Amino acid sequence: MIRLSLIIPAAGSGVRLGMKTPKPFIELGGRTILQHTIDKFIDIPELGQLLIVASAQNIDRVKSLVSDHDRSDVDISVVEGGDERQDSISNALKFVDKRCDLVAIHDAVRPFIEKNVVEECISKAMKYGAAIPGIPVKDTVKVLNDEQLVESTPDRSSLWQIQTPQIFKRQILFDAYDHAKNAGFTGTDDSSLVENLGIKVHVVKSSYENFKITYPIDLKLAELKVGGEL
Ligand code: CTP
Ligand code: MG
């Protein structure tokens with residue numbers, strides 16, 4: 001049986017959303033966004049470990065939120081995050097159970113991830129070492145220079161928006177984080193660190209459902225979805 005360690009980074013402050021409450025603790029239909037996200041993974045048979053990353057002042061809050069989950073075979077821990085998302089993951093990696101074959105990283109603020117996407121990422125990561133979900137971009141994307149002038153228009157058919165969960169064989173992710181640390185590299189996702197090792201990352205087609213709650217409009221959408229209006 002494959003054993004999966006899942007890291008959920010929840011230590012951000014939510015600057016772009018602009019609310020006092022950090023995003024993972026905002027409630028949708030009486031449950032926090034973080035709990036909705038955990039609900040999507042807790043029944044996955046491969047799950048052996050769950051590491052939730054929280055800022056120092058929210059560790060106790062997260063501990064009480066996860067206490068209602070009842071899977072005695074899953075080792076659940078709350079660990080402290082860092083200034084940037086990459087620092088939060090880097091710290092969580094120190095606590096990954098060495099018996100896990102795969103490590104998955106999923107944003108606390110993507111509560112609508114679909115089970116089939118998770119399953120396909122697990123199976124592709126087992127087969128190839130690295131798998132991430134994504135969707136083709138819907139808008140035309142342009143590269144701009146410093147003066148806000150268009151430099152080029154990349155062919156849209158090869159552009160994809162990447163989401164989480166990003167799933168890797170454990171040692172590949174450890175090597176990628178070591179390599180990034182030595183090179184002083186900061187990426188906007190975990191896959192970019194793995195790509196820097198020269199490892200091929202497989203992309204699983206996902207859907208718009210798995211959006212990240214980032215701006216107020218995303219929160220509105222999430223409220224409508226949880227309320228069954230969408
Ligand atoms: N995150 C984290 N540690 C950080 C920064 C972010 O664990 N130092 C987490 C967030 O809590 C979130 C996920 O990484 O679940 C994705 O990050 P993002 O959507 O950017 O959230 P925030 O960083 O909180 O938001 P913003 O960038 O608008 O401040
Ligand atoms: Mg952020």
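Which elements each supply at least two residues of the lining of the second largest pocket? Select β10 (160-162) and α7 (216-226) in this predicted model: each of the two contributes at least two lining residues there. The largest share, three residues, is from α7.

Stay with the second largest pocket, which has a volume of about 540 Å³. Its lining consists of 22 residues, and those closest to the centre are Gln 161, Tyr 208, Phe 211, Lys 212 and Asp 218. Colour the lining by class: nine residues are nonpolar, five polar and eight charged.

Keep Lys 212 selected and go to the largest pocket, where Lys 212 is among the residues that lie nearest the centre, together with Arg 16, Arg 85, Asp 107 and Thr 188. The volume of the largest pocket is about 980 Å³, and 33 residues line it. Select helix α3 (residues 85-93) next; with three residues, α3 provides the largest share of this lining. Coloured by class, the lining of the largest pocket shows 13 polar, 10 nonpolar and 10 charged residues.

Show the side chains of Ile 59, Val 62, Leu 65 and Val 66, the buried residues of α2. Turn the view to look down the axis of α2: the buried residues fall within an arc of 125 degrees, so they line one face of the helix.

Methods: Residues numbered from 1 in each chain as written. Chains lettered and ligands numbered in written order. Predicted model: local features only at pLDDT ≥ 70, side-chain atom pairs only at ≥ 80, totals over all residues. Heavy atoms only, no water. 1 Å grid on protein atoms, 1.4 Å probe; cavity = no way out; pocket = protein on both sides within 12 Å on 5 of 7 lines; lining within 4 Å. Points joined across faces, edges and corners; volume = space filled by probe spheres on them. Helix = DSSP H or I, 4+ residues; strand = E, 2+ residues; numbered from the N terminus. Nonpolar A, V, L, I, M, F, W, Y, C, P; charged D, E, K, R; others polar. Buried < 20%, exposed > 50% of the residue type's maximum accessible area, 1.4 Å probe, protein only. Arc of directions from axis to C-beta.
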